[in-house]
Amino acid sequence: MNYYERSLDALMHAYRRYQITFDHGEGVYLYDTDQKKYLDFFSGIGVNSFGYHYPEYIVSMEKQLHRLMHISNYFNTVETIEAAECVKKATKMDKVFFTNSGAESTEGALKLARKYYFKKHGKADSEIIALNHSFHGRTTGSVRLTGNENYQKAFGPLIEGVKHANINDLESVKALINEKTAGIIVEPVQGEGGVYVCTQEFMQGLRQLCDEHDIALILDEVQCGMGRTGTIMTYFQYGILPDILCLAKGIGAGFPMGAFAANEKFSNAMEPGDHGSTYGGNPMAGNACRTVFKIIDEKNILEHVQNISQYVAEKLDELAEKYDCIIERRGLGLMIGLEFDRPVKDIVQKCLDHGLIVVTAGANVVRMLPPLIIEKEHVDEMTAILDQAIQETLS
Ligand SMILES: *Cc1c(COP(=O)(O)O)cnc(C)c1O
């Protein structure tokens with residue numbers, strides 16, 4: 001059996017995996033087990049912000065591995081305290097809870113919004129508003145928030161009290177608010193749902209609605225946060241702050257971790273015994289997180305993302321000009337979607353054949369989440385391969 005056949009034999013069929021088996025990575029390139037080289041414009045779903053084998057990250061993690069890996073949340077470690085301080089400073093939130101994944105972050109945010117409601121009303125009957133086409137994770141709480149019935153229908157009964165409104169349609173949100181509403185959860189840029197960006201008007205309107213009703217504005221920046229859109233958090237581009245924030249993916253840059261954070265008002269609702277995690281924010285994760293913030297700072301990653309993402313946009317607009325089958329380029333910073341007038345499965349497969357990793361978001365959208373450290377030469381290489389893949393698919 002080859003690796004692909006062995007994977008079918010041994011791994012549960014929860015994913016439709018590509019037939020590639022990877023061996024190692026270097027810079028922004030990955031190598032499969034046949035040593036074929038791939039330019040990576042996906043970063044393990046926007047996780048590997050610094051690509052592979054990034055010296056400062058590797059050295060720091062290696063040191064931590066020797067010093068201390070795990071200790072439990074019965075005790076403190078310096079790494080975890082410093083990681084929380086980094087998150088506080090960068091996000092302007094007041095308190096941080098570390099998790100191991102994005103789904104755990106949205107679950108935690110959900111519990112925190114419910115707890116605030118419970119303390120205020122003395123009842124556990126709250127409702128949450130989420131958006132259609134959103135993605136918040138796969139656990140039975142987070143998948144209920146996710147605005148995609150295909151992910152939910154076999155797994156009921158799911159948690160009660162979740163309603164869905166439409167992105168950039170403030171009236172549709174208003175229509176769902178009532179005295180039981182505890183919070184509204186939104187991705188400033190919808191990732192999995194097809195790379196849709198919230199408008200200024202919508203986000204500022206949500207902030208105002210949440211203030212008026214004393215309910216939580218929960219921003220899920222699991223994918224769009226940590227510098228991917230050119231600011232450390234995307235909400236800074238909207239001139240607002242959330243009440244509760246969800247992070248994961250880029251926060252560990254490859255080490256599995258997540259966090260939810262909140263302002264004073266909402267974090268005060270959390271009391272000892274309300275929530276917990278065995279691994280959450282262990283010293284390895286804490287060290288990964290503080291190292292990620294240090295690298296973003298010292299290497300001027302945000303400025304780089306702002307510049308390079310403009311170049312990517314120019315190049316993709318040239319492609320869109322050339323091909324009528326490209327309907328629209330969407331996204332913010334290095335969260336990129338290219339919508340076609342047809343399914344893009346074949347284009348994506350051809351890109352992979354030619355050594356470029358991109359994926360789909362919905363049937364008609366090519367999605368890219370490159371490492372934040374890509375340079376112009378990599379953008380040129382990407383556009384050349386994508387151009388060729390489109391040509392071959394059309395002919
Ligand atoms: C990926 C993602 C999640 C879920 O994260 P997991 O680590 O897969 O549990 C939640 N929200 C958003 C916006 C995501 O992109």
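In what order do the seven strands of the open sheet with mixed pairing stand?

1. The order in this open sheet of seven strands is β4-β12-β11-β10-β7-β5-β6, and the pairing is mixed. β4 and β6 (162-165) stand at the edges with a single partner strand each, so one side of each has no neighbour in the sheet. From one strand to the next, the twist averages 20 degrees. The model under discussion is a predicted one.

2. Strand β5 (residues 127-131) and strand β7 (residues 181-186) run parallel and are joined by three bridges. Glu 127 has Thr 181 as its bridge partner in β7.

3. Helix α5 (residues 102-121) lies across β4, β5, β7, β10 (216-220), β11 (244-247) and β12, and runs at about 25 degrees to β12.

4. A further open sheet consists of four strands in the order β13-β14-β17-β16, with antiparallel pairing. Its edges are formed by β13 (326-332) and β16 (359-360); each has a single partner strand, so one side of each is left without a neighbour in the sheet.

5. Arg 330 stands opposite Gly 337 in β14. Helix α11 (residues 301-322) lies across β13, β14 and β17 (365-368), and its direction is at about 170 degrees to β13.

6. Two or more lining residues come from each of α4 (78-91), β4 (95-99) and β12 (258-262). By type, the lining of the second largest pocket divides into 15 nonpolar, 15 polar and five charged residues.

7. Finally, the chain as a whole may be described. The protein chain contains 13 helices and 17 strands. Its radius of gyration is 21 Å, close to the 21 Å given by the globule rule for 395 residues, so the chain is as compact as a globular protein of that length. Along the principal axes, the C-alpha atoms fill a box of roughly 65 × 50 × 45 Å.

Methods
Residues are numbered from 1 along each chain as its sequence is written. This is a predicted model: local features need pLDDT of at least 70, side-chain atom pairs count only at pLDDT 80 or more; totals for chains, interfaces and linings use all residues. Side-chain values use heavy atoms; hydrogens and water are left out. Two strands pair if DSSP finds at least two bridges between them. Contact means heavy atoms within 4.5 Å. Axes are lines fitted to C-alpha atoms, for helices over the stretch in contact, and angles run from 0 to 180 degrees between N-to-C directions. Ala, Val, Leu, Ile, Met, Phe, Trp, Tyr, Cys and Pro count as nonpolar, Asp, Glu, Lys and Arg as charged, and the others, Gly among them, as polar. The radius of gyration is taken over C-alpha atoms; the globule rule is 2.2 Å times the number of residues to the power 0.38.
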